[in-house]
Amino acid sequence: MKTIVSGLGQCIAEMVGAEIYNQQDGKNVPFIYGAVTTGHVWKFLKLEKNVVFINVENYYIKDSRKIIGILVEMVRSVKSL
């Protein structure tokens with residue numbers, strides 16, 4: 001059974017990869033967001049200045065409004081750059 005913790009390393013590696021890609025492409029992106037999900041449980045991450053912030057709260061699919069709200073805020077903050 002997949003757990004949230006088992007996906008954190010892969011997510012962080014992908015976030016670092018995205019940061020490197022953007023830097024090599026000449027884009028100064030101040031932060032990268034990430035998300036890990038089992039389908040039932042969600043966890044959100046943020047990479048900023050070589051520091052990964054992992055939200056301590058787990059979000060459950062039954063609280064889909066919270067999950068969608070977080071995703072919308074991620075998009076809004078990126079669009080405002």
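How many aromatic pairs does the structure hold? In this predicted model, the structure holds three aromatic pairs. Ring pairs join Trp42, Phe44 and Tyr59 into a cluster. A further aromatic ring, that of Phe31, has the charged end of Lys46 sitting over it, at 4.7 Å from the ring centre.

The overall plan of the chain may be considered next. The chain contains two helices and four strands, and, read from the N terminus, its elements follow the order α-β-β-β-β-α. Its C-alpha atoms fill a box of roughly 40 × 25 × 15 Å along the principal axes. Among contacts between residues at least 6 apart in sequence, 40% bring together residues at least 24 apart.

Of the 81 residues, 25% count as buried. The largest nonpolar core is made up of nine residues, namely Ile4, Leu8, Cys11, Met15, Ile32, Val36, Val41, Leu45 and Leu47. Helix 1 (4–24), strand 1 (32–37) and strand 2 (41–48) are the elements that each give two or more residues to this core. Helix 1 supplies the largest share, with four residues.

Leaving aside neighbours within four places in sequence, Val41 is in contact with Ile4, Val36, Asn58, Tyr59 and Tyr60.

Finally, the surface may be described. The chain exposes about 5800 Å², and carbon and sulfur atoms supply 58% of this area.

Notes:
Residues are numbered from 1 along each chain as its sequence is written. This is a predicted model: local features need pLDDT of at least 70, side-chain atom pairs count only at pLDDT 80 or more; totals for chains, interfaces and linings use all residues. Side-chain values use heavy atoms; hydrogens and water are left out. Rings of Phe, Tyr and Trp (its six-membered ring) pair if their centres lie within 6.5 Å; planes under 30 degrees apart count as stacked, over 60 as edge-to-face and the rest as tilted. A charge sits over a ring if NZ of Lys or CZ of Arg is within 6 Å of the ring centre and within 35 degrees of the ring normal. A nonpolar core is a set of buried Ala, Val, Leu, Ile, Met, Phe, Trp, Tyr and Cys residues joined through side-chain atoms within 4.5 Å. Buried means under 20% relative accessible area, exposed over 50%, partly exposed in between (1.4 Å probe, protein chains only). Contact means heavy atoms within 4.5 Å. Accessible areas come from the Shrake-Rupley method with a 1.4 Å probe; for residues, only the protein chains shown count as cover.
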